[in-house]
There are 2 protein chains.
Amino acid sequence: MKVVVALGGNALRRKGEGMDYEVHYENARRTLENLLEGGFFSPNKKLVITHGNGPQVGMEFMRHFLTKERFPMYPLHALTASTQGWIGYILEAHLRALLRNKGIEREVATLLTMVRVSRDDPALRSPSKPIGDFMDRSEALELSILTGLPVKEDAGRGWRLVVGSPRPLEVINAPLINSLIEAGVVVVAVGGGGIPVDEKFSGVPAVIDKDRASALLGLEVRADVLYILTQIPFVYINYNTPKQKPLREVGIHELERLKEEGHFAPGSMLPKVEAAIDFIRGGGKKVVITSPEYLREAERGEVGTFVLP
Amino acid sequence: MKVVVALGGNALRRKGEGMDYEVHYENARRTLENLLEGGFFSPNKKLVITHGNGPQVGMEFMRHFLTKERFPMYPLHALTASTQGWIGYILEAHLRALLRNKGIEREVATLLTMVRVSRDDPALRSPSKPIGDFMDRSEALELSILTGLPVKEDAGRGWRLVVGSPRPLEVINAPLINSLIEAGVVVVAVGGGGIPVDEKFSGVPAVIDKDRASALLGLEVRADVLYILTQIPFVYINYNTPKQKPLREVGIHELERLKEEGHFAPGSMLPKVEAAIDFIRGGGKKVVITSPEYLREAERGEVGTFVLP
């Protein structure tokens, strides 16, 4: 069975935690142990792990902004490449240690990944993807004035910088990723949704949504299942209201209807739901949306939202 | 023929140029075009490209230092991982564009690479590897007082931060790199000398010399030739004196004698000479030390220092 596991939210950093290296390091270990306990490294699973970089690329951006008197600021695509480096390193280091400790003989590869987007994508002209930490309103407005970048309120949780998030069209190294997972290699790729490039491999200053990129990769490598790991065990309707109710099994037609009704917050659950719909519509068999802690229960069908054709 | 090409010095940024993204981008393109003209992408060549990160990891360190009130500082090994990300991305983007433009059907892979070192390596207790930009004496002393890191005068060219540079013992993903180049994939790996880790894949705060790591990789994948690309077309004896003379063909015994006589500057030509000796002593056939502009002439044996058994 071929699976893509997209790590996001609390897989690398739990709500309220700081941006310390050690925070990422410990959370990555916990998440990968959850994958191990869920049976994801068993010989019958061909596995690609992808990850987000919203808070991290925001931090890189701020580091560049705050040191711009001393060093040139780098474009957003290069900053996503940076986060592919250090987050990928953390994941590969834990994967190798974990597999060796369990006597599982599998090679691990972390691949820098570019993803093709269109320079004509309208999303580039109307920034919507939040990056970096939540700020209060006054700090957000000050930063926006200083950087010229827009800020937006995000799902009632505070204010964040927003950047353009174009639709991913092609994972450039998908054929290579596929060869490697077919050979049993555990692959880490498409970090931060991939580095956005145009048809000439020239960088596009934007951040691709990692769930959409993971869904695309899933279709390109003909994965059976896409796992989208997030902070909560289920997708909910009427989330954060007294009528909140978890979705268990849901077909894409019903899911589209619920999406139209506005149940899923933009910049939060909405992109995951859209990625799930994309993957199933493109021919995928199943999408599982849950939190890393419940992977074992999800494998038994007890916890998690299962999106089906 | 299997070759390792180690890019350093002016391959990514020429003397006197700034640290702009565009500087790295344009220099990388020029260097890879030089490789193309030198015939390095011909079907009979199995190719790994490695690169240094001295100035770049120094910049990352300074960005973290200068923003430490706002974000936590990350360890040096994570900063090398970052540079593997963005420098690797620049190289892969150009490689893909160049190969496609020339109608050469070869896949490209940029692999995050850890390199095992020993925590008992005495080099960790006596920092010697310069990173970052050259500074004048007063700026260097001020920075050293602020960061607690040592600074040293480097080859008469100014002052730099120095960090521990342990001996590379094992390129963790060498077997994978070898499988990929055997299959015709052009591989970018071991950036910045690799991310230093101990036997448990836990990061070691240091920077490995990229030429030594490239020599080790060359032996591990049984490369025939190691190319060390630098700022000057030859290795010289009596460098920067009226008696300066280029070395053309030199055996490792003679090279060792010249090294003992102090012809090669620490932190500059010395690590390249030592890497060359390591590679030949370990069984490699030839090391070529030259600048990227002369690769075509080097392939004809006209320019470059050739280190032989």
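Helix 3 of chain A, spanning residues 76–101 in this predicted model, comprises 26 residues and extends 37 Å from its first C-alpha to its last, close to the 38 Å expected at 1.5 Å a residue; the expected span of a helix is 1.5 Å times one less than its number of residues. Helices (H or I, at least four residues) and strands (E, at least two) are DSSP runs numbered from the N terminus. Helix 3 of chain A is mostly covered, with 24 of its 26 residues buried; buried denotes under 20% relative accessible area, exposed over 50%, and partly exposed the range in between (1.4 Å probe, protein chains only). A:Gly103, which has a positive phi near 70 degrees, follows helix 3 of chain A. The model is predicted, and local features require pLDDT of at least 70, side-chain atom pairs count only at pLDDT 80 or more, and totals for chains, interfaces and linings use all residues. Residues are numbered from 1 along each chain as its sequence is written, chains are lettered from A and ligands numbered from 1 in the order in which they are written, and side-chain values use heavy atoms, with hydrogens and water left out.

A:Glu60 is located in helix 2 (residues 54–66) of chain A. This residue is buried yet has no salt bridge, and the nearest side chain of opposite charge, that of A:Arg63, is 5.2 Å away. Lys and Arg count as positive and Asp and Glu as negative, whereas His and the chain ends are not counted. A salt bridge requires a side-chain nitrogen of Lys or Arg within 4 Å of a carboxyl oxygen of Asp or Glu. The side chain of A:Glu60 instead makes a polar contact of 2.8 Å with that of A:Trp86. A polar contact is a pair of N or O atoms within 3.5 Å; within protein, one must be able to donate a hydrogen and the other to accept it, and residues adjacent in sequence count only if both atoms are side-chain atoms. When residues up to four places away in sequence are not counted, A:Glu60 touches A:Leu79, A:Ser82, A:Thr83, A:Trp86 and, from chain B, B:Ser82; contact means heavy atoms within 4.5 Å.

Chain A is divided into domain 1 (2–117 + 168–308) and domain 2 (127–163), with bounds that come from an automatic or database domain assignment. The centres of domain 1 and domain 2 of chain A, taken over C-alpha atoms, are separated by 23 Å. Between them, 18 residues of domain 1 of chain A are in contact with 15 residues of domain 2 of chain A.

Over all chains, the structure holds 44 salt bridges. In one of these, the side chains of A:Glu33 and A:Arg29 meet at 3.4 Å, N to O. Both residues lie in helix 1 (residues 21–37) of chain A, 4 residues apart, about one turn of the helix. A:Glu33 counts as partly exposed because its relative accessibility is 28%, and A:Arg29 is likewise partly exposed at 34%. A further salt bridge links A:Arg300 with A:Glu302, the closest N and O atoms being 3.1 Å apart; A:Glu302 is partly exposed at 41% relative accessibility. In chain B, B:Glu256 pairs with B:Arg281 in a salt bridge whose closest N and O atoms are 2.7 Å apart. This pair links distant parts of the chain, B:Glu256 in helix 7 (residues 252–260) and B:Arg281 in helix 8 (residues 269–281) of chain B, 25 residues apart. B:Glu256 is partly exposed at 24% relative accessibility, whereas B:Arg281 is exposed at 52%. Salt bridges that share partners also join A:Lys2, A:Lys46 and A:Glu182 into one network.

A:Asp209 is situated in the loop between strand 10 (195–197) and helix 6 (210–220) of chain A and is buried, with a relative accessible area of 8%. Its C-alpha lies 5.3 Å from that of A:Gly193, 16 residues apart in sequence. Leaving aside neighbours within four places in sequence, A:Asp209 is in contact with A:Lys129, A:Ser165, A:Gly193 and A:Pro271.

B:Thr290 belongs to strand 15 (residues 286–290) of chain B and is buried, with a relative accessible area of 0%. The side chain of B:Thr290 reaches the backbone oxygen of B:Pro233 at 2.9 Å.
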